[in-house]
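Please look over the structure shown here, and then follow the questions about how its features are classified.

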Amino acid sequence: MHLETSRLRLREMTTADLPPLRAILQDDEAMSAYEGAFDEAMTLSWLDGMQRRYREDGFGLWAVDLRSTGAMIGQCGLTTQRIMDAEVLEVGYLFNRAHWHRGYAVEAARAAQRYAFAELGADRLWAQVRDTNIASMNVAIRLGMTVRGRFTKHYRGVDMPHLAFAVDRGDAEPH
Ligand SMILES: CC(C)(COP(=O)(O)OP(=O)(O)OC[C@H]1O[C@@H](n2cnc3c(N)ncnc32)[C@H](O)[C@@H]1OP(=O)(O)O)[C@@H](O)C(=O)NCCC(=O)NCCS
């Protein structure tokens with residue numbers, strides 16, 4: 001799997017990506033929607049889980065590299081998730097804080113969205129967003145998503161109200 005946008009390249013993560021992955025997953029601010037920084041064991045298990053998804057599903061959250069430098073600055077991609085009692089396809093995005101506010105999340109997520117509709121033949125793409133995560137909501141809105149429902153996730157011992165955003169294939173803007 002290999003996707004390119006004007007500034008970014010999306011590809012599968014490997015263990016060589018652990019240093020930039022730690023810079024995201026072990027950062028309290030980047031992980032505030034996930035109730036704070038992961039420790040090393042959670043980081044290794046996250047990468048392991050993504051690699052299992054690549055093998056079993058053919059997709060997962062991919063590494064996002066800056067084409068200009070080759071540096072990995074984030075993760076973005078597709079995962080299957082259970083949202084409001086249904087198995088659905090979700091777009092996810094997490095970026096290194098040093099690279100926020102430059103449009104990278106929307107650029108990468110649009111590439112993942114195109115892949116979901118064009119290559120996987122999905123009819124609908126979802127994003128589950130914690131109700132405190134305005135940045136993530138704005139990315140979902142940029143993808144043409146609207147709010148389809150609300151639900152509570154129980155994660156790391158905390159009840160987290162979430163909004164379920166989604167966009168249907170025909171309604172996604174052409175990019
Ligand atoms: C959510 C996240 C990926 C956004 O990344 P980003 O590269 O800064 O996003 P973009 O630059 O593409 O911005 C997308 C839109 O969101 C807006 N936005 C970005 N950060 C914002 C913030 N903190 N508050 C409000 N709006 C914000 C931008 O203004 C932009 O809207 P616009 O097109 O109307 O200007 C980033 O904040 C992040 O990694 N957060 C931590 C991980 C996370 O919570 N992921 C989502 C889990 S559901």
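The questions and answers below set computed values against the definitions behind them.

This is a predicted model, in which local features need pLDDT of at least 70 and side-chain atom pairs count only at pLDDT 80 or more, whereas totals for chains, interfaces and linings use all residues. Residues are numbered from 1 along each chain as its sequence is written, and side-chain values use heavy atoms, with hydrogens and water left out.

Q: What makes the pairing of the Asp 17 and Arg 11 side chains a polar contact?
A: The two side chains are joined at 2.9 Å, and a polar contact is a pair of N or O atoms within 3.5 Å, where within protein one must be able to donate a hydrogen and the other to accept it, and residues adjacent in sequence count only if both atoms are side-chain atoms. The side chain of Asp 17 also reaches the backbone nitrogen of Thr 14, at 2.8 Å.

Q: Which atoms of His 101, Asn 133 and Asn 138 lie how far from the ligand?
A: A backbone N or O atom of His 101 lies 2.6 Å from a ligand oxygen atom, a polar side-chain atom of Asn 133 lies 2.8 Å from a ligand oxygen atom, and an N or O atom in the side chain of Asn 138 is 2.9 Å from a ligand nitrogen atom.
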